[in-house]
Amino acid sequence: MDHGKLDLTDVVYDQLLPGARNWSFILRRGFALRLTDTRGGGNCSTLFFNAQEKLERYNMADTLKAQHTAYLTKGHVCYSDMGRILVSIPEDTCGWHDPIGGVSNAAAVRERFGEKRYQEARNAFYRDGRGLFLIEMGKWGLGRRDLVPNINFFSKVAVTEGGEMTYVSDNSPAGSYVDLRAELDTLVVLNTCPHPLDPATEWNPKPIGLTIFRTPPAAEDDVCRISCPENGRGFENTAIYHCQY
Amino acid sequence: MSTLNTTSPLDPADAIYDYTIPAGEPWLHEIKQGQTLRILDLEGNQAVDTLFYNAHDPAERYSAQDTIQAQGSIYLTAGSKLLSTAGNLMLTITADTCGRHDTLGGACAAESNQVRYALEKRPMHNCRDNYLLALAESDYDMGKRDLTSNINFFMNVPVTPDGQLTFEDGISEAGKYVEMRAEMDVIVLVSNCPQLNNPCNAYNPTPARMLVWEASGEALTIA
């Protein structure tokens with residue numbers, strides 16, 4: 001995957017986040033965040049907020065209906081509730097990221113994996129996606145009122161004609177990556193807890209690589225801009241916000 | 001999915017509350033634990049965009065993702081349990097003569113209309129304007145921060161196995177209804193959808209009737 005190689009001089013941050021851990025960062029315009037599923041089978045639950053005005057945030061419904069999709073991949077964008085693009089997806093080797101499955105909570109983790117408390121297990125204790133979102137969001141003054149539907153990168157939930165949701169294992173081979181390019185200065189809040197619909201009963205959360213790199217703005221023929229007329233208007237709206245229209 | 005068609009024994013004459021929301025208007029109301037709310041599609045194919053909050057702790061609210069994750073299906077019908085962001089049971093759908101309600105399409109907004117249809121569509125009336133005004137005029141200390149993914153009762157938003165999502169003609173008709181029992185005291189925030197740009201209201205927004213019954217004393221059973 002030669003096209004996946006980044007020029008090291010463009011890379012400003014490169015870390016491996018262990019499984020079932022939380023992280024947040026303000027991804028500024030001119031930069032992209034590459035998530036890498038280093039081992040395969042990982043999950044990265046993610047929310048986006050406008051860093052300047054955190055009342056503006058990722059909106060699942062607006063993202064899905066604008067692009068007539070129930071999954072995310074290269075060429076898609078993540079819309080805020082204000083008709084603007086927070087991040088776009090110019091590159092993706094995985095092919096399907098889940099925007100509908102949500103996160104686990106403490107009760108669900110206890111039920112599936114049993115109980116492992118800090119008192120006995122120290123830092124190997126079991127975490128849950130909801131809890132880690134609340135911890136990381138709390139660092140930015142955000143809380144339960146800001147807990148909106150999230151994206152699960154590297155996970156796939158297919159829906160049958162009748163509406164049944166099926167978790168698809170082996171969606172993401174080792175080394176899969178997806179690039180998230182900031183179109184607004186975006187607060188990224190994420191955690192690496194297992195997907196709530198992953199049927200595995202053994203606790204084995206996977207690490208996710210986090211690489212931030214400099215990147216030029218979306219060109220006129222950028223795959224995200226031209227993938228549908230809606231996204232053309234989304235980029236236009238975002239440019240208006242930046243007084244660049 | 002076998003489309004359930006579950007009728008209710010409740011008689012509108014016994015309802016303690018009966019109000020018809022005009023087309024395109026909001027509705028904000030509290031339903032007590034044990035009470036039953038019926039939403040009646042008076043003229044057919046009318047999307048009723050609905051949010052629920054724990055009346056004693058509105059930071060706990062209906063969660064689309066927790067609800068569909070727990071039931072393993074993206075559509076709501078009789079038997080569906082509406083869960084909160086804390087994983088608690090808020091309401092149970094006890095009757096449904098429509099058979100399928102949407103959890104993914106969300107509410108229309110001036111800004112989403114701009115993206116979906118044209119930048120010039122911004123002045124059109126929309127659901128999120130309804131939500132914002134209803135909350136701003138209320139005694140609740142709530143606002144935009146409290147708007148999350150809503151249920152669209154009577155709305156048809158199919159997802160295909162290859163992941164396409166579309167807004168289709170409704171499957172509801174005049175007289176179809178959905179009924180739900182509150183399992184906790186809830187605030188109900190509704191926008192009787194004014195969208196004119198897609199088939200969610202058959203391009204003709206119409207009134208919706210809201211009825212509430214007291215707790216019956218015995219649990220309703222689902223056929």
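**The A–B interface**

In this predicted model, 43 residues of chain A are in contact with 36 residues of chain B, two residues being in contact if their C-beta atoms, placed from the backbone, lie within 7 Å. On the side of chain A that touches chain B, the elements giving two or more residues are helix H1 (60-67), strand E8 (157-159) and helix H6 (229-241) of chain A, and H1(A) supplies the largest share, six residues. Helices (H or I, at least four residues) and strands (E, at least two) are DSSP runs, numbered from the N terminus.

By residue class, this side of chain A divides into 19 nonpolar, 13 polar and 11 charged residues; Ala, Val, Leu, Ile, Met, Phe, Trp, Tyr, Cys and Pro count as nonpolar, Asp, Glu, Lys and Arg as charged, and the others, Gly among them, as polar.

**An open sheet in chain A**

Four strands of chain A form an open, antiparallel sheet in the order E2-E11-E4-E7, where two strands pair if DSSP finds at least two bridges between them. Strand E2 (22-27) and strand E7 (151-153) of chain A stand at the edges with a single partner strand each, so one side of each has no neighbour in the sheet. Neighbouring strands are turned by 30 degrees against each other on average, direction ignored.

Strand E4 (residues 44-50) of chain A runs antiparallel to E7(A) and is joined to E7(A) by three bridges; A:Cys44 has A:Phe153 of E7(A) as its bridge partner.

**A helix across the sheet**

Helix H4 (residues 129-138) of chain A lies across E2, E4 and strand E11 (186-191) of chain A, running at about 145 degrees to E11(A). Axes are lines fitted to C-alpha atoms, for helices over the stretch in contact, and angles run from 0 to 180 degrees between N-to-C directions.

**Basis of the description**

Residues are numbered from 1 along each chain as its sequence is written, while chains are lettered from A and ligands numbered from 1 in the order in which they are written. Because the model is predicted, local features need pLDDT of at least 70 and side-chain atom pairs count only at pLDDT 80 or more, whereas totals for chains, interfaces and linings use all residues.
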